[in-house]
Amino acid sequence: MYRINTNYQKLPGSYLFSTIAKKVAAYTEANPDKTIIRLGIGDVTQPLTDPVIKALHKAVDEMADGATFRGYAPDLGYAFLRETIAENDFKARGCNIEADEIFVSDGAKCDSGNIQELFAADSRIAVCDPVYPVYVDSNVMAGRTGSYDPETGYWSDVIYMPCTEENGFVASLPNEMPDIIYLCFPNNPTGAAIKKAQLQEWVDYALKNGCVIIYDAAYEAYISEADVPHSIYECEGARECAIEIRSFSKNAGFTGLRLGYTVVPKDLTCGGASLRDMWARRHGTKYNGAPYIVQRAGEACYTEEGKASIRELVGYYMENAKTIHDGLKSLGYTVYGGVNSPYIWLKTPDGMSSWEFFDYLLDKAGVVGTPGSGFGPNGEGFFRLTAFGTHENSEAALKRIADL
Ligand SMILES: Cc1ncc(COP(=O)(O)O)c(C=O)c1O
């Protein structure tokens, strides 16, 4: 008789987004004449850029012609894309990353969820609190996290690293020793960025203690300040201790098109085993690659025209970030993020809980955000708004909040 992976039964329900959906549905039913402005989820609203669309059309035409048709892609992704990534995202920033250390995928979510397969079942993970939930949940499914305490919201075997106002939402080195450290900068949900010297401390710590860092840089394109690293490989020694995950979702608007990549350097070895070779083996066995036409669209992001169009797209969202950030600040809110990130992390006013503020904002302003407590206990008392809406909606949301 078959048995299931009972680790799945340990997962608490997707309380956050299902509760939000229910509350929004109830509000809509009770207020059919009112429009809702959604600044909750991290999905983009602007269409794909011209260079991307042109590349897609061209690649579709190639697929229609026997002479240029492509079937299965190479396991790691097409060389034209991997070489372009190595050149533009790494070598141009002084990072020594080769094309054969880059693994093209259909997005950062899958990679950040799957990467834990490379590590021993009894590895201890350390995560920031609050955190993008995929890192924890994928380890729950793999049986690494112990038991869940619904009272505290913590897993018994996970090391939590609080990200608070006091530490500027950049976690301090953990008190207990982890094996695997998940870091995400610029951060979802807090919008915090890490300075190069701070990230170097993490790399030094990992090297000294034999830890591996999974570095999620999905929001790299939003970095606007000079001393904020775009890649962990800007830090000395990172090739020996870090894996980096990137996405085309937030810079180029590929949330529906799907493209990302993971860097596993050849210097990352454990007991003589190459993690790069292990990840290559995994790709070869479990993955058949991002579509050719999408990889061509990804390549188009790196032409001069493509880079300019991405700057424009990111600039569009960052205008929203400024509108929301500065607007809330002038209304007296305590606001973080929004400078190197499309996320605005605000402190709920008058000691309201994250959910109380959610209800208040929905009921009184028809604006939907995300309660910070949904990302972890240290998110309590905070609220996330995204800059991924339209200019019109971002401005309208702010006006509604000002009118409260
Ligand atoms: C931190 C972080 N990593 C990864 C992702 C997922 O990216 P992708 O669309 O490439 O799967 C998200 C999406 O919201 C994210 O916030």
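A crossing of two helices is left-handed if the near helix is turned anticlockwise from the far one by less than a right angle. I needed that before the first entry. The model I am reading is predicted.

**Entry 1: a helix pair**

I looked up helix α4, residues 79-90, against helix α10, residues 292-300. Their axes lie 9 Å apart and the packing angle is about 25°. Angles under 35 degrees count as roughly parallel, so α4 is roughly parallel to α10. Next I checked the hand. α4 passes α10 in a left-handed crossing.

Which residues in α4 and α10 meet? From α4 I noted F80, L81 and T84. From α10 I noted Q295, G298 and E299. I then sorted the residues of this contact by class. Two are nonpolar, three are polar and one is charged.

**Entry 2: two domains**

I turned to the division of the protein. Domain 1 is made of 12-47 + 305-402, and domain 2 covers 52-303. I looked up the spacing of their C-alpha centres, which is 25 Å. How many residues does the contact take from domain 1 and from domain 2? I found 30 residues from domain 1 and 36 residues from domain 2.

I stayed with the side of domain 1 that touches domain 2. The elements giving it two or more residues are α11 (304-330), β13 (335-337) and β14 (343-347). The largest share comes from α11, with seven residues. By class, I noted 14 nonpolar, 12 polar and four charged residues on that side of domain 1.

**Entry 3: the sheet**

β13 and β14 came up again, this time in a sheet. Four strands form this open sheet, in the order β13-β14-β17-β16. The pairing is antiparallel. Which strands are at the edge? I found β13 and β16 (370-371), each of which pairs on one side only.

Then I looked at one pair inside the order. β14 pairs with β17, residues 382-386, over five bridges in the antiparallel sense.

Definitions and conventions: Residues are numbered from 1 along each chain as its sequence is written. This is a predicted model: local features need pLDDT of at least 70, side-chain atom pairs count only at pLDDT 80 or more; totals for chains, interfaces and linings use all residues. Axes are lines fitted to C-alpha atoms, for helices over the stretch in contact, and angles run from 0 to 180 degrees between N-to-C directions. Angles under 35 degrees count as roughly parallel, over 145 as roughly antiparallel, 65 to 115 as roughly perpendicular and the rest as oblique. Two residues are in contact if their C-beta atoms, placed from the backbone, lie within 7 Å. Ala, Val, Leu, Ile, Met, Phe, Trp, Tyr, Cys and Pro count as nonpolar, Asp, Glu, Lys and Arg as charged, and the others, Gly among them, as polar. Domain bounds come from an automatic or database domain assignment. Two strands pair if DSSP finds at least two bridges between them.
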